[in-house]
Amino acid sequence: MINLLNKRMQSYYEEPAKHRLTRRTPVIVRVDGRAFHTFTRNFQKPFDQRLIDAMIVSATEVVGEMQGFKLAYVQSDEASFVMTDYDTLLTDPWFGYVKSKVETITASIMTAAFARCMRLANITQPAHFDARAFNIPADDVANYFLGRAKDWHCNSVSMYARTFFTNMELMDKRINDVHVMLHGIGHNWSTDLSDEEKNGSFLIGCESRSDVEPNYPSIAALWEESCEESCATTKNQNHDTSSEPVENENDLESNITPIGSRNGARGNGIQPRSDVTKP
Ligand SMILES: Nc1nc2c(ncn2[C@@H]2O[C@H](COP(=O)(O)OP(=O)(O)OP(=O)(O)O)[C@@H](O)[C@H]2O)c(=O)[nH]1
Ligand SMILES: [Mg+2]
């Protein structure tokens with residue numbers, strides 16, 4: 001028996017709220033720890049290796065689940081992932097690019113994995129992550145990651161400086177002034193800290209890389225590499241086998257050309273934007 005009431009509830013209310021991300025355009029998903037200022041109250045300051053490791057392990061778990069994953073960047077209590085759905089003509093988007101599904105699943109995987117890491121460190125306090133997903137043009141993906149990396153660079157310097165100076169002393173100081181203040185008391189941000197603490201970590205393939213500096217050429221090269229690497233490995237995977245392409249003008253897939261199959265990062269022929277690439 002057809003449940004007409006349920007069908008009406010779905011078509012009137014659920015379906016209109018089911019927003020989908022745009023196909024054949026990269027998608028960024030960013031998770032962020034909820035109220036981590038409070039959660040980390042008893043953690044080591046300015047940086048706690050248990051938190052850094054747990055974020056990388058948890059983000060790696062998301063990477064393992066995310067279809068079309070290309071590149072991720074982890075810093076502080078946040079991680080950004082970029083995925084695509086155009087490695088091949090028949091690549092499926094993760095969860096049909098249904099926005100709420102992508103966001104809730106990503107936040108759940110991250111939260112569950114992070115809780116496991118915390119339990120191993122004997123921390124039982126609950127931690128939660130939110131997630132947001134949005135499209136971004138392929139030629140601005142490197143700029144997106146550059147923005148997050150630059151943000152971490154500044155936060156890392158000021159978190160380190162707060163170990164030695166009061167908020168009052170650091171008020172209205174530019175980043176270069178803070179470096180000078182640190183040098184003045186015999187500390188050097190660039191040599192005192194680990195790469196993870198200074199740069200955050202990029203996840204590409206099965207690798208975690210903390211040696212990537214926050215400049216456009218390095219990050220753009222990584223994005224390019226992630227597209228090429230993933231195209232090589234995912235070709236002929238993730239197919240919707242129920243819909244082989246047909247040369248038919250009514251077939252949605254027959255009138256499109258594969259983008260990004262060889263040079264995925266800029267496969268659409270658009271040159272990278274340069275408006276925010278200069279320091
Ligand atoms: N002690 C310590 N704290 C950290 C470390 N990494 C991140 N944090 C804390 O995590 C916070 C993350 O900042 P936000 O995400 O902007 O702030 P939040 O408190 O999580 O608030 P919402 O994200 O808005 O819920 C920082 O302000 C730090 O207090 C670390 O390695 N050690
Ligand atoms: Mg947070």
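**Figure 1. Ile185 in the loop between H7 and H8.** Ile185 is exposed, with 9 other C-beta atoms within 10 Å (exposed stands for 12 or fewer other C-beta atoms within 10 Å of the residue's own, buried for 20 or more, and partly exposed for counts in between, with C-beta atoms placed from the backbone). The residue is found in the loop between H7 and helix H8 (189-192); helices (H or I, at least four residues) and strands (E, at least two) are DSSP runs, numbered from the N terminus. From C-alpha to C-alpha, Ile185 and Phe164 are 8.8 Å apart in space and 21 residues apart in sequence. The model is predicted, so local features need pLDDT of at least 70 and side-chain atom pairs count only at pLDDT 80 or more, while totals for chains, interfaces and linings use all residues. Residues are numbered from 1 along each chain as its sequence is written, and chains are lettered from A and ligands numbered from 1 in the order in which they are written.

**Figure 2. Packing of H5 and H7.** Helix H5 (residues 141-161) and helix H7 (residues 175-184) pack at an angle of about 35 degrees, and their axes are 10 Å apart. Axes are lines fitted to C-alpha atoms, for helices over the stretch in contact, and angles run from 0 to 180 degrees between N-to-C directions. The crossing in which H5 passes H7 is left-handed (the near helix is turned anticlockwise from the far one by less than a right angle; clockwise gives a right-handed crossing). Cys154, Val157, Ser158 and Ala161 in H5 meet Ile175, Val178, His179, Met181 and Leu182 in H7, where contact requires C-beta atoms, placed from the backbone, to lie within 7 Å. The contact of H5 with H7 has seven nonpolar, two polar and no charged residues. In these classes Ala, Val, Leu, Ile, Met, Phe, Trp, Tyr, Cys and Pro count as nonpolar, Asp, Glu, Lys and Arg as charged, and the others, Gly among them, as polar.

**Figure 3. Crossing of H3 and H4.** The axes of helix H3 (residues 49-65) and helix H4 (residues 99-120) come within 8 Å and cross at roughly 140 degrees. H3 and H4 are therefore oblique to each other; angles under 35 degrees count as roughly parallel, over 145 as roughly antiparallel, 65 to 115 as roughly perpendicular and the rest as oblique. H3 passes H4 in a right-handed crossing. On the H3 side, Ala54, Val57, Ser58, Glu61, Val62 and Glu65 meet Thr106, Ile109, Met110, Ala113, Phe114, Cys117 and Met118 in H4. Nine nonpolar, two polar and two charged residues form the contact of H3 with H4.

Figure 4. Of the 14 residues around ligand 1, Phe36, His37, Thr40, Phe43 and Phe47 come nearest (a residue is near a molecule or strand if its C-beta atom, placed from the backbone, lies within 6 Å of it). Strand S1 (27-33) and helix H2 (36-39) are the elements that give two or more residues to the shell around ligand 1. This shell has five nonpolar, four polar and five charged residues.

Figure 5. Ser76, in the loop between strand S2 (69-75) and strand S3 (78-83), has a positive phi of about 50 degrees although it is not a glycine. Ser76 counts as buried, with 20 C-beta neighbours inside 10 Å. Asp172, in the loop between helix H6 (167-170) and H7, has phi near 65 degrees, a positive value in a residue other than glycine. Asp172 counts as exposed, with 5 C-beta neighbours inside 10 Å.

Definitions and conventions:
Contact = placed C-beta atoms within 7 Å.
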